[in-house]
Amino acid sequence: MKPLIPSETIPAAAPAREDQSLHDEILTRLRDHIVEGNIPDGGRIPERQLCEMLGISRTPLREALKVLAAEGLIELLPNRGARVRQLSERDLAELFDVMGGLEALAGRLACETISGAEIAEIERLHYEMYGFYLHRDMHGYFRVNQLIHQKIVEASRNATLQATYASFAGRIRRIRYAANFARKRERWGEAMREHEAILEALRRRAGSELADILFAHLRNKRKAAVEHLAQDGTPAPAGL
């Protein structure tokens, strides 16, 4: 009997995978462009210019902007496009403290559940990040840095914690990147040393110690972020 669904029709799913891959690439490039400060805080998103830069039409761009708005990196304005989210100094203080608390809890839980293979992967990422640091490649450094923090959160095995972390991470991703430039990049070196301590505590599965290091790491990042905004001549507004 002739099959009801000819075998030659099965590969039809490939274009969907290609579309998803293209969407992910556009999203990554757009996110990096904004995180790296190419559009000022509170600045409008130049859709036409970005379409030309990415070689796409406005439909996929706007789909990507919706994702970034859900992450908290930008704000969608009714019938007026989008703009980069601008945070006040109070916003920064509150968000970094919340993120510090979440990462501290994740570190404590991770030390109870993390596998040797997961620690080895984080260690590999740490040395990859160190290579980017030595070559002063901020883009590569930051990408791997965020992946390390994400891996620790995932190792907590706590789905609620992971979802809460994801809901806040996008809102301060841009300022976490900028904080590495504080005090003529002195903060970048400090952050690298703090990551050495994070890795060492994780290797020993020292939960309480790792929690304290991660919270202090976020507090130091918050201070550097505020300093950088002031040095840049664009201090965070008193409120929104």
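**Salt bridges and helices**

Modeller: Let's begin with the charged pairs: the count comes to 22 salt bridges. Keep in mind that this is a predicted model.

Biologist: OK, which residue does R58 meet in a salt bridge?

Modeller: The partner of R58 is E47, with 3.9 Å from N to O. R58 sits in helix α3 (residues 58-71) and E47 in helix α2 (residues 47-54), so the bridge links distant parts of the chain, 11 residues apart.

Biologist: And is E47 buried or exposed?

Modeller: E47 counts as buried, because its relative accessibility is 11%. R58 has 36%, so R58 counts as partly exposed.

Biologist: What does E75 pair with?

Modeller: E75 forms a salt bridge with R85, and their closest N and O atoms are 3.8 Å apart. E75 is in strand β1 (residues 74-77), while R85 is in the loop between β2 (81-84) and α4, so the pair ties together parts that are 10 residues apart in sequence. Both ends are partly exposed: E75 has a relative accessibility of 22%, and R85 has a relative accessible area of 23%.

Biologist: Next, where do R222 and D97 lie?

Modeller: First the bridge itself: R222 and D97 form a salt bridge, with 3.3 Å between the closest N and O atoms. R222 lies in helix α9 (residues 207-231) and D97 in helix α4, so this pair ties together parts that are 125 residues apart in sequence. R222 counts as partly exposed at 22% relative accessibility, and D97 is partly exposed too, with a relative accessible area of 27%.

Biologist: Why does L95 count as buried?

Modeller: Because its relative accessibility is 6%, and buried means under 20%.

Biologist: What about E89, where does that one lie?

Modeller: E89 is also in helix α4, which covers residues 89-113. E89 counts as partly exposed, at 46% relative accessibility. E89 and A225 are 136 residues apart in sequence, with 9.4 Å from C-alpha to C-alpha.

Biologist: Zooming out, how many helices and strands are in the protein chain?

Modeller: The chain has 9 helices and 2 strands. Along the sequence the pattern reads α-α-α-β-β-α-α-α-α-α-α.

Biologist: What share of the residues counts as buried?

Modeller: 42% of the 240 residues. As for the surface, the chain exposes about 12700 Å², and carbon and sulfur atoms supply 53% of that. On contacts, take those between residues at least 6 apart in sequence: 75% of them join residues at least 24 apart.

Biologist: Switching to α5. Which residues of α5 are buried?

Modeller: I119, I122, L125, H126, M129, F132 and Y133 are the buried ones. Looking down the axis of α5, the buried residues fall within an arc of 130 degrees, so they line one face of the helix. A117 and L134, on the other side of α5, are exposed.

Biologist: Why would residues three or four places apart point the same way?

Modeller: Because an α-helix has 3.6 residues a turn.

Biologist: And how far apart are the end C-alpha atoms of α5?

Modeller: They are 27 Å apart, which agrees with the 27 Å that its 19 residues should span at 1.5 Å a residue. Just after α5, R136 takes a positive phi of about 55 degrees.

Biologist: Last one: which residues make the nonpolar surface patch?

Modeller: Y127, Y130 and L134 make a patch of about 300 Å². Y127 is found in α5, which covers residues 116-134, and Y127 is partly exposed, with a relative accessible area of 44%. L134 has already come up as one of the exposed residues of α5.

Definitions and conventions: Residues numbered from 1 in each chain as written. Predicted model: local features only at pLDDT ≥ 70, side-chain atom pairs only at ≥ 80, totals over all residues. Heavy atoms only, no water. Patch = residues over 30% accessible without salt bridge, like charges linked within 9 Å, V, L, I, M, F, W, Y side chains within 5 Å. Areas by Shrake-Rupley, 256 points an atom, 1.4 Å probe, with all protein chains shown as cover. Salt bridge = Lys/Arg side-chain N within 4 Å of Asp/Glu carboxyl O. Helix = DSSP H or I, 4+ residues; strand = E, 2+ residues; numbered from the N terminus. Buried < 20%, exposed > 50% of the residue type's maximum accessible area, 1.4 Å probe, protein only. Expected span 1.5 Å × (residues − 1). Arc of directions from axis to C-beta. Contact = heavy atoms within 4.5 Å.
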